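Colleague: I would like to go through this model feature by feature. Please take each feature in general terms, then show me the case here.

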Amino acid sequence: MASQVEADQEDEETQPKARLLAPVFIPAVVAIVAALGFATWYGAQYGDDATEAFTGLRDAIGVNVGWWYIIVVTAMLLFCLWAALSKVGNIRLGRDDERPEFSLFSWFAMLFSAGMGIGLVFNGVSEPLSHLVGPPEVVGVDANTQEAGRAAIGQAMFHWGLHAWGIYAVVGLGLAYMTFRRGRPLSVRWLLEPIFGRKLIESWVGHVIDVVAIVGTVFGVATSLGLGVLQIQAGLSSLGWFEPSDTLLVVLVVGITAIGTISVVTGLHKGLRWLSNANMSLATVMAIAVLLIGPTVFLLRSLVQNFGEYVQTLPELAFVTGSSVNDSWTLDWTLFNQAWFLAWAPFVGMFIARISRGRSIREFILGALLAPTLVSLVWFTIFGSTGIAHQLNEGGLVGDDGTVNADTALFTLFGELPVTPGLISILSVIAILVITLFFITSADSCSLVVDVLAHNGRSETPRTTRVFWAVLVGAAAALLLMAGGEAALTVLQVSSLAGAGPLSVVYVLAMVSLWKMFRLEVATMPRYVRIRSQATPTALVSAAREASDTEREMAKSLRELVRAQNGGARGRRDIRRASATLAGLDATAAGPRAATAWAEDDSTILAVEDVPAYATRVDPETGSIGIDDEAVRTDPTADEVFDTPEFEDSAVGAEHRSQELLDQYVNGGEQSADGGSGTEK
């Protein structure tokens, strides 16, 4: 046991320690503090008019860059579908012979947990109700009608379904591919190496990319935490425990951030895993309770109908920018959500990348798109459809002015359920606990993600810096809420809209980089085929039966066919000569067999690589066909070696190590056998 401990300590000492990158850490912190200072000054400058001031700032950002977000998000979803449904989907995120680290069930369970979050809890009731009372003008339905109610869930799913997870899938795919297959550090900057090259990626260019990723992630997570705190305050108020106030918001942020910091200190496995499991269990209990207490049969029927509404909504809203309508629906909902998801993407993308090693790209994308989308569909059906049905039949969930209070909508729905006040209080407490645990796990995970980026992709980082990031994220959420006052939600929207701009450019370049690498992989990807030198048993019997009139003649004919194959008849020799001309096929593979014509090993496996015609060359003397390697292989990341654990465990690292062994034991051995030293002087 002691020797094992010593060995583990020795392994830890031999691995390079995580080094904080000052050119990333310092600018990122300065940018975050400066943005928070601007928000605080802006809110103080306008005082009572802060709501209109921040709304004007949000609208200016949305109008000027919103169209770009629509294009980027839709392009990311289309990129995912192309990669999953083409030959690219066969590429494995790791070595070719590597198998997934987690079972399919465990992997789906973790993807389901990733699909849950503060956003779904916050918007599960309020967003469909908002679309019911204020449908988008482009759809052309009247508010507060059955038709608007049916379309509302599809419109909410448009924001929380495939488009959202297409963003996360692209970032996660890039991180997983460049790290597990190409051996690069787990950092956003390396997604762009195929464009800029290693030298620039390790220079100020790479530093800028990681700074942008850190700043966008911090404000994206701060937006989620701000929404969560607003809803926790509303829940406590609905229970009659506290009155809403700025002081309460600050106390909640500080208290929950402190708990999250404790989770950081206790370590990832002890803290985050336990909290995540408890969180998912409570959220599931809350959803099942509402399903059983509410209109159960109606919700089960609605689940199918909502899926159909979502499918119809996808092409209807995919390219809507709000330019030709008079309402602000696209700006209030689509642009804010998509900007929020763009800013949140490094956080979620790194999580799904780390749990997906060994999976094919097809598995990764389809799992990352479909599993969380299914969670969103079920969640919006249970909470959204229940709220819409109650509002259309009895009312009470929408204010007298026709607006929906997003902070209190969930707790108002609980109060309208046909149960005792005690059970309503229990459901409200569970909801508050779910939001609180999402707050804690998000702060914990965010601190890890941004710390990994600040340490150039090293996953084992010091707890001191992780605690710093957890505190900074909590402080960012608190300051944004305080700066906005009554316009707190608008300030959170501004932070996401602004933070997503630089990141969207990085994501577009990342898709170009991945497209280049995937084209290379597909062009050089071997296809494995099996060539049989003998007929199958079914073919032998069929041939014997066609050549015979009786059972006895068929038996005789069958014996002759088997003898011909095993004895080297003319047809067999023709097959053998043809097969022997294939590169890599051992001629002895077609040699005489045992008495059984259908032996299990009666085949040869060949690795076949497609070669474009322009890469072939004909020898003018012999007429033989050769290949121009330079015309086929144009890997922009070739010959780059990293002294990191990620490179050692990657597919490229395995190829590099194998070539070193060949050079050492085979090529070097042959030279030594000939009297050479194996090196040139």
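Colleague: Is Trp165 buried or exposed, and how do I read the value?

Modeller: This is a predicted model. A residue counts as buried when its relative accessible area is under 20%. Trp165 has a relative accessible area of 3%, so Trp165 is buried. Tyr168 is buried as well, because its relative accessible area is 5%.

Colleague: Where do Trp165 and Tyr168 lie?

Modeller: Both are in helix α7, three residues apart, which is about one turn of the helix.

Colleague: How is a pair of aromatic rings described?

Modeller: Two values are given for a pair of aromatic rings: the distance of the centres and the angle of the planes. A search of the whole structure finds 21 aromatic pairs. Trp165 and Tyr168 form one of them, edge-to-face, with 4.7 Å centre to centre and 85° between the planes. These two residues also belong to an aromatic cluster, with Trp160, Phe336, Trp340, Phe341 and Phe380.

Colleague: Which residues form an aromatic pair in helix α15?

Modeller: Phe411 and Phe414 do, edge-to-face, at 6.4 Å centre to centre and 85° between the planes. Both lie in helix α15 (residues 409–416), three residues apart, about one turn of the helix. Phe411 and Phe414 are both buried.

Colleague: Which residues touch the most other members of the largest nonpolar core?

Modeller: A core of this kind is a set of buried residues joined through side-chain atoms within 4.5 Å. The largest one has 181 residues, and Ile214, Phe383, Phe414 and Trp469 touch the most other members. Helix α16 (residues 421–454) gives the most to this core, with 19 residues.

Colleague: What is Phe383 in contact with?

Modeller: Leaving aside neighbours within four places in sequence, the contacts of Phe383 include Gly124, Val125, Met286, Leu410 and Phe414.

Colleague: Which residues form a nonpolar patch on the surface?

Modeller: Ile195, Phe196, Leu200 and Val512 form one, with about 280 Å² of accessible area together. Helix α8 (residues 193–201) gives the most to the patch, with three residues. Leu200 is in helix α8. With a relative accessible area of 36%, Leu200 falls between the limits of 20% and 50% and is therefore partly exposed.

Colleague: How many salt bridges are there?

Modeller: The rule asks for a side-chain nitrogen of Lys or Arg within 4 Å of a carboxyl oxygen of Asp or Glu. By this rule the count is eleven. In one of them the side chains of Glu98 and Arg357 meet at 2.6 Å, N to O. The pair links distant parts of the chain, 259 residues apart: Glu98 is in the loop between α3 (50–85) and α4 (104–115), and Arg357 in the loop between α13 (329–354) and α14 (361–393). Glu98 and Arg357 are both buried.

Colleague: Are the partners Glu363 and Arg359 buried or partly exposed?

Modeller: Their side chains meet in a salt bridge at 3.5 Å, N to O. Glu363 is partly exposed because its relative accessibility is 32%, whereas Arg359 is buried because its value is 3%. Elsewhere, salt bridges that share partners join Arg95, Asp97, Glu98 and Arg357 into one network.

Colleague: How far apart are Phe642 and Pro185 in sequence and in space?

Modeller: They are 457 residues apart in sequence and 8.9 Å apart in space, C-alpha to C-alpha. Phe642 lies in the loop between α22 (629–632) and α23 (645–649). Not counting residues up to four places away in sequence, Phe642 touches Pro185, Trp190 and Arg198, among others. Phe642 has a relative accessible area of 6%, so Phe642 is buried.

Notes:
Residues are numbered from 1 along each chain as its sequence is written. This is a predicted model: local features need pLDDT of at least 70, side-chain atom pairs count only at pLDDT 80 or more; totals for chains, interfaces and linings use all residues. Side-chain values use heavy atoms; hydrogens and water are left out. Buried means under 20% relative accessible area, exposed over 50%, partly exposed in between (1.4 Å probe, protein chains only). Helices (H or I, at least four residues) and strands (E, at least two) are DSSP runs, numbered from the N terminus. Contact means heavy atoms within 4.5 Å. Patches are made of residues with over 30% relative accessible area and no salt bridge: like charges are joined within 9 Å, nonpolar side chains (Val, Leu, Ile, Met, Phe, Trp, Tyr) within 5 Å. Accessible areas come from the Shrake-Rupley method with a 1.4 Å probe; for residues, only the protein chains shown count as cover. Rings of Phe, Tyr and Trp (its six-membered ring) pair if their centres lie within 6.5 Å; planes under 30 degrees apart count as stacked, over 60 as edge-to-face and the rest as tilted.
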